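Here are a few exercises to work through with the model open beside you. Try each task before you read its solution.

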Amino acid sequence: MADAITLNVEGMSCGHCIRAVTKAITALDATAKVEVDLAAKRVVAQTNLPRADVVRAVEEEGFAVKA
């Protein structure tokens, strides 16, 4: 089973943001399950990717990942 990686992400505000983050992560791991909570500014990815790869994918879409 894939590990859950939870990220606090600033700058997400709409459906386009959800699609961009989801697409960025699933481009690296097609089997990843991604949940985005705009109100909580949180992304939870069930994936076998290293955390650093998930963070980089989200940041490359223009969002800031907070510790």
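**Exercise 1.** Find which residue of β3 is the bridge partner of Val-34, and work out how β2 and β3 are joined.

*Solution.* Val-34 has Ala-45 as its bridge partner in β3. Strands here are DSSP runs of E with at least two residues, helices are runs of H or I with at least four, and both are numbered from the N terminus. β2 and β3 run antiparallel and are joined by five bridges; two strands count as paired if DSSP finds at least two bridges between them. Next, look at the connection: the two strands form a hairpin with four residues between them, and Lys-41 in the turn has a positive phi of about 55°.

A word on the model: it is predicted, and local features need pLDDT of at least 70, side-chain atom pairs count only at pLDDT 80 or more, while totals for chains, interfaces and linings use all residues. Residues are numbered from 1 along each chain as its sequence is written, and side-chain values use heavy atoms, leaving out hydrogens and water.

**Exercise 2.** Place the strands in their sheet: what is the order, and which strands are at the edges?

*Solution.* Start with the order, which is β2-β3-β1-β4 in an open, antiparallel sheet of four strands. The edges are β2 (33-37) and β4 (64-66), each pairing on one side only.

**Exercise 3.** Sort the side chains of β2 by face: which are buried?

*Solution.* In a regular strand the side chains alternate between the two faces of the sheet. Along β2, Val-34 and Val-36 point to one face and are buried, where buried means under 20% relative accessible area, exposed over 50%, and partly exposed in between (1.4 Å probe, protein chains only).

**Exercise 4.** Identify the residues that touch the most other members of the largest nonpolar core.

*Solution.* A nonpolar core is a set of buried Ala, Val, Leu, Ile, Met, Phe, Trp, Tyr and Cys residues joined through side-chain atoms within 4.5 Å. The largest one has 19 residues, and Leu-7, Ile-25 and Val-43 touch the most other members. Helix α1 gives the largest share, four residues.

**Exercise 5.** Is Ala-27 buried or exposed?

*Solution.* First locate Ala-27, which is in helix α1. Its relative accessible area is 64%, so Ala-27 is exposed.
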